[in-house]
Number of protein chains: 2
Amino acid sequence: MKIYQHPDLSDVALPAVMQALSDPCRISIVHALLKHEELACNELPVEVAKATLTHHMAVLREAGLIYTRVDGAKCLNSLRSEEFDKQFPGIISLVEQSAVVAS
Amino acid sequence: MKIYQHPDLSDVALPAVMQALSDPCRISIVHALLKHEELACNELPVEVAKATLTHHMAVLREAGLIYTRVDGAKCLNSLRSEEFDKQFPGIISLVEQSAVVAS
DNA sequence: CATATTGTTCGATAAATCTAGAACAACTAT
DNA sequence: ATAGTTGTTCTAGATTTATCGAACAATATG
């Protein structure tokens, strides 16, 4: 299957992170990953087309927020919590505490 | 002159804040206000047209990041540091520590 | 008063982003 | 194998955002 690229967090710029988290749909995804550790794309609580979800996951991945590994036909996503929080302390915590909006 | 509206920070949603800080130009503006406390628009280190700057300032204002007061023909802008940090702890600090990119 | 300064608003264009359908590839299961 | 599941890529449309010039309003200055 596809080979997922994950950036070094030291290469991720703050505007890219902010951009990634400026979309309520992606905020919802992060919320879900805070609750469930590892989720396949089709287990995420979003109501968008598959192609759209692929796009959102790519944005989160490129912002260093999520890690994606292949497991058979599915791909499992998790938060890069620790490393991310080291590079951008407090952000994930803010998302965690923010109200869940429609996605 | 214009009457500037400043939202209650409790009414500001996280995606709006993220959106506001997803632009390098606006990050530069926040950087400048971290250094100088209060600055008129024409003192900000940005290389965009006046109309564009007005737009960026409005985005920052609506995200609760800056306060604008009128002083004669100019308007003076400052960060709403304390209250903002109470509502969204750590964000301003992250911006402060982030590298300055081109605007 | 005449001119310059400061910033807004309007209108228009360009660029980026979000969205999704359709075709496709890879794996799973019957 | 045949069909179903999972997710990507391509293409395209729709929405949002960024940008700026020009006209304007309000203040400041000579």
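What rotation, and what shift along its axis, superposes chain A on chain B? Here are a few points as you look over the model.

1. First, the ground rules. This is a predicted model, where local features need pLDDT of at least 70, side-chain atom pairs count only at pLDDT 80 or more, and totals for chains, interfaces and linings use all residues. Residues are numbered from 1 along each chain as its sequence is written, while chains are lettered from A and ligands numbered from 1 in the order in which they are written.

2. On the opening question: chain A is superposed on chain B by a rotation of 180 degrees with 0.0 Å of shift along the axis, at an RMSD of 0.0 Å (least squares on the C-alpha atoms of residues with pLDDT of at least 70 in both copies). That is the relation of a two-fold axis. Of the residues of chain A, A:Met18 comes closest to this axis, its C-alpha lying at 2.3 Å. The same surface serves both copies, as 100% of the contact residues of chain A recur in chain B.

3. Now the interface. Here 17 residues of chain A are in contact with 17 residues of chain B (contact: C-beta atoms, placed from the backbone, within 7 Å). On the chain A side, α1 (14–20), α2 (24–36) and α5 (91–97) each give two or more residues; helices (H or I, at least four residues) and strands (E, at least two) are DSSP runs, numbered from the N terminus. The largest share, four residues, comes from α1(A). By class, this side has twelve nonpolar, four polar and one charged residues (nonpolar: Ala, Val, Leu, Ile, Met, Phe, Trp, Tyr, Cys and Pro; charged: Asp, Glu, Lys and Arg; polar: the others, Gly among them).

4. Next, the sheet. Chain A has an open sheet of three strands in the order β1-β3-β2, with antiparallel pairing (strands pair if DSSP finds at least two bridges between them). β1 (39–40) and β2 (66–71) of chain A stand at the edges with a single partner strand each, so one side of each has no neighbour in the sheet. β2(A) pairs with β3 (residues 74–79) of chain A over six bridges, and A:Val70 has A:Cys75 in β3(A) as its bridge partner.

5. Two helices deserve a look alongside the sheet. α2(A) packs on the sheet, touching β1, β2 and β3 of chain A, and its direction makes about 85 degrees with that of β3(A). Helix α3 (residues 50–62) of chain A lies across β2 and β3 of chain A, at about 120 degrees to β2(A). Axes are lines fitted to C-alpha atoms, for helices over the stretch in contact, and angles run from 0 to 180 degrees between N-to-C directions.
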